[in-house]
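This report concerns the contacts within and between the chains of a predicted model, and those between protein and DNA. The structure is shown first.

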Number of protein chains: 2
Amino acid sequence: MNPVRRGQWQMASDVLTQLTRQPGITRAAVARTLRLSTGSATEVTARLRDVHLVTEVPAPSQGRGRPTTLLRAHPEGPVVLALDLRQSNWRSAIVTLDGSLQDPEYRRHRSRRPQVVLNNLRRQVEQARQQYGDRLRMVSLAVPGTIRDNHLMQAPTLEWAELDLETITEGTGLPLLAGNDATLSGVAEARTGAAAGAGTALHLIIEVGIGGTLLIDGVPAQGASGAGGEYGHVPFGDRSRACPCGARGCWDLEIDGRALARHLKQGRPDDPYAYTEEVLRRTDRSARAAVTKVVSALGSGIAGLVNAHDPDVITIGGLAIPLRAAAERTFKEAYEGGLMTFHRGSPPPVLPATLPDGPLRGAAALALDQLTTEPAIAAWVAQR
Amino acid sequence: MNPVRRGQWQMASDVLTQLTRQPGITRAAVARTLRLSTGSATEVTARLRDVHLVTEVPAPSQGRGRPTTLLRAHPEGPVVLALDLRQSNWRSAIVTLDGSLQDPEYRRHRSRRPQVVLNNLRRQVEQARQQYGDRLRMVSLAVPGTIRDNHLMQAPTLEWAELDLETITEGTGLPLLAGNDATLSGVAEARTGAAAGAGTALHLIIEVGIGGTLLIDGVPAQGASGAGGEYGHVPFGDRSRACPCGARGCWDLEIDGRALARHLKQGRPDDPYAYTEEVLRRTDRSARAAVTKVVSALGSGIAGLVNAHDPDVITIGGLAIPLRAAAERTFKEAYEGGLMTFHRGSPPPVLPATLPDGPLRGAAALALDQLTTEPAIAAWVAQR
DNA sequence: AGTTTATGCTCGTGGGACGAGTTTAATGGG
DNA sequence: CCCATTAAACTCGTCCCACGAGCATAAACT
């Protein structure tokens, strides 16, 4: 193990980071954004080519001048296995350094028992290992639940108890990166979605309860143990209502299907997600009134988070999109009414999230962040 | 203006960063933490000495072996003027690269009119300019109010309206870095205070209302325009109560002297800070009950923020310290009761802030962050 | 076909990190 | 008191890489 010379792969790392953040970028564009001289660009791409990290394909000409090339992941280059575990199914894809998804898979759960599901994921890891060998560098997993140091702490939608997720890579020596699905979809939105380019972005998604994350320059604020982003469990409403999370009066209890059912004087729905969709389809007065209450709670809660974090933009996903759409005026009033006065001149926009496969792409993005660091590149080169 | 060669001052920048973060660090210790070979350490310190950025003084010997040297700011090196504006006074100090404060000043306001106060600050800037000439590189200012792009948006304690703070450096060409005092004291705590070393830290301070900041690796999450950290203006309690900020039901209204007065059925106190101290001195039943209510709101609000951000540690300052102390049991119950179940095993500690001159030190720290960047070093070298 | 334009390639230069070998300045044991 | 031990500083040859000037190339205009 020869020690890595400092800065040896610094520029290479910068180039690869550009490539993951803007797939399909041209070599000339990379050189411009990194302020590289053409000579340096030639050298760094040659080096990256030599170690099987990138290839170049002719770019369609863009006017006068010698045409440049598109940078692409090398066909023999490193890859990541991205997994997205959902309530009723799971998906996977192999992701290359240019951020493209290959070999996408989609499977419905036959059984939803933790051990069965984890075994299926583990098999997927092993299959990727078989197929890609040493090219497979990392496994990244999105889970609909609270994650702490690669352990699942609670997962209301899956109805799973605490669980060690590292079993899916155990024995393979592959690093695992498990993350909350809402956090990861936020990463995707902040990098290539509706919040692209935002310095500070806030992402919120309603499915059962609300999840989300604060993103600073595309990096999620995950907290000490990775459990950050549980915005649903801030005290907001009636303290006499206990939340399954253990606290009382959580915002969570005011903005999803459970809240709608309560307003409609019905019991806790089995599937709050489907229940919400159902109520949204109704046109009767009591349903509209219930929706209005929920949308109001959503708007004023978001306003509070804007006061707290001053984001450039907020992206909303899941049921938050149809909920807002069902009562746009209520939302606007609650949102703007909850802002501190000085924010009202130009309130940060609340945009619908645009990426359907956000968690998978976000998981891939965080894994690629690791692969494009200098030490990871040095390790890749050393191993070949 | 010759273009800066990439990486020319990379290592120098790293060394200076170490120096600002751990004043009084030895050269050998820097080399160890940056994993520098002794040869490189010799070279980089020689370079820094040549350009008047550091000097070395013999370090007290620490056992066997050749003694190392302490790194110190160079007597001809760059400095920052740090200013801390408070309700009844202001303070200033000159800060060098090793983080030491020189020429401390303390002045009470004669008049509290904005123009008078800003003029005094401006005079202080001019005086520093006179005294230090080109060595003065930057002015950093802590203000008890919401700051946005160097503009004061609102300042309840000062009772000032919106105001452009850049007048204090106008014409000097000096960059100004204005920030909220609570945010800046958080920076100080996260770097050298009670939260030193924390990856994610939350800092909260009660004076009139509550201010604070989320810190990730010592860097405050300031948001899009620098107005982040207004945790007091998240909806928390009774929505029928309007907050001066423009929103309703803010947490702010539940945790300071105004809340105590309300519980005690008295009118809004002129000076909520002094009023709180007064109530804390009382031992009668109604006062105790009012304090209990406020402490409970403080504890459960902090718990919500812990759920949202998963910090390693929370630091509290200002009146939050005596308030908690007055009802420790209530605080603990409200805090732990508001946490999500999985946090309760080892709840993040809530520690009293330790630095009395936090805002000044925090302002200095953020300014030094700028001075120790590669471009700033290159500019310093080019100018000499 | 020649001009313009943007880009890629070659190569000499220089700076800086590295590390092996050497020197220096302290402690501590005999 | 001297010498072994220890930790750190210094010297210097080496290598790597970014830079930029000059040249080559491939397209689009004229």
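## Basis of the report

The model is predicted: local features need pLDDT of at least 70 and side-chain atom pairs count only at pLDDT 80 or more, while totals for chains, interfaces and linings use all residues. Residues are numbered from 1 along each chain as its sequence is written, chains are lettered from A and ligands numbered from 1 in the order in which they are written, and side-chain values use heavy atoms, with hydrogens and water left out.

## Domains of chain A

The assignment for chain A gives domain 1 (10-73), domain 2 (79-184 + 358-383) and domain 3 (197-352); such bounds come from an automatic or database domain assignment. The C-alpha centres of domain 2 of chain A and domain 3 of chain A are 28 Å apart. Their contact involves 11 residues from domain 2 of chain A and 15 residues from domain 3 of chain A, where contact means heavy atoms within 4.5 Å.

Between them, domain 2 and domain 3 of chain A bury about 1,000 Å², with 50% of this area on carbon and sulfur atoms. Buried area is the accessible area (1.4 Å probe) that two parts lose on being put together, summed over both. Across this domain interface the rule finds 0 salt bridges, a salt bridge being a side-chain nitrogen of Lys or Arg within 4 Å of a carboxyl oxygen of Asp or Glu. There are 4 residue pairs in polar contact, both residues at pLDDT 80 or more. A polar contact is a pair of N or O atoms within 3.5 Å; within protein, one must be able to donate a hydrogen and the other to accept it, and residues adjacent in sequence count only if both atoms are side-chain atoms.

On the side of domain 2 of chain A that touches domain 3 of chain A, strand S7 (146-148) and helix H5 (181-192) of chain A each supply at least two residues. Helices (H or I, at least four residues) and strands (E, at least two) are DSSP runs, numbered from the N terminus. The residues on this side comprise 3 nonpolar, 5 polar and 3 charged. In this classification Ala, Val, Leu, Ile, Met, Phe, Trp, Tyr, Cys and Pro count as nonpolar, Asp, Glu, Lys and Arg as charged, and the others, Gly among them, as polar.

## Interface of chains A and B

In chain A, 50 residues are in contact with 49 residues of chain B. The two chains bury about 3,500 Å² between them, 53% of it on carbon and sulfur atoms. The count between chain A and chain B is 0 salt bridges, whereas 21 residue pairs are in polar contact, both residues at pLDDT 80 or more.

Elements giving two or more residues to the side of chain A that touches chain B include S7, strand S8 (151-154) and helix H8 (285-309) of chain A. H8(A) gives the most to this side, with 6 residues. By class, the side of chain A that touches chain B has 21 nonpolar, 21 polar and 8 charged residues.

## DNA strand C

There are 30 residues around DNA strand C, of which Arg27(A), Thr38(A), Arg66(A), Thr68(A) and Arg47(B) come nearest; a residue is near a strand if one of its heavy atoms lies within 4 Å of it. Of the atoms of DNA strand C that come within 4 Å of the protein, 68% belong to sugar and phosphate. The surface near DNA strand C has 5 nonpolar, 13 polar and 12 charged residues. Helix H2 (27-33) and helix H3 (38-50) of chain A, together with helix H3 (38-50) of chain B, each supply at least two of its residues.

Both chains provide side-chain atoms here. An N or O atom in the side chain of Thr68(A) is 2.7 Å from a phosphate oxygen of DNA strand C.

## DNA strand D

Of the 29 residues around DNA strand D, Gln8(A), Arg47(A), Arg27(B), Thr38(B) and Thr68(B) come nearest. Sugar or phosphate accounts for 67% of the atoms of DNA strand D within 4 Å of the protein, and bases for the rest.

A polar side-chain atom of Thr38(B) lies 2.6 Å from a base nitrogen of DNA strand D. Phosphate oxygens of DNA strand D are 2.8 Å from a side-chain N or O atom of Thr68(B) and 3.5 Å from one of Thr42(B). H3 of chain A together with helix H2 (27-33) and H3 of chain B give two or more residues to the surface near DNA strand D.

## Salt bridges

Over all chains, the count comes to 30 salt bridges. One of them joins the side chains of Glu56(A) and Arg27(A) at 2.9 Å, N to O. This pair links distant parts of the chain, with Glu56(A) in strand S1 (residues 54-58) of chain A and Arg27(A) in helix H2 of chain A, 29 residues apart. Arg27(A) is also among the residues that come nearest to DNA strand C.
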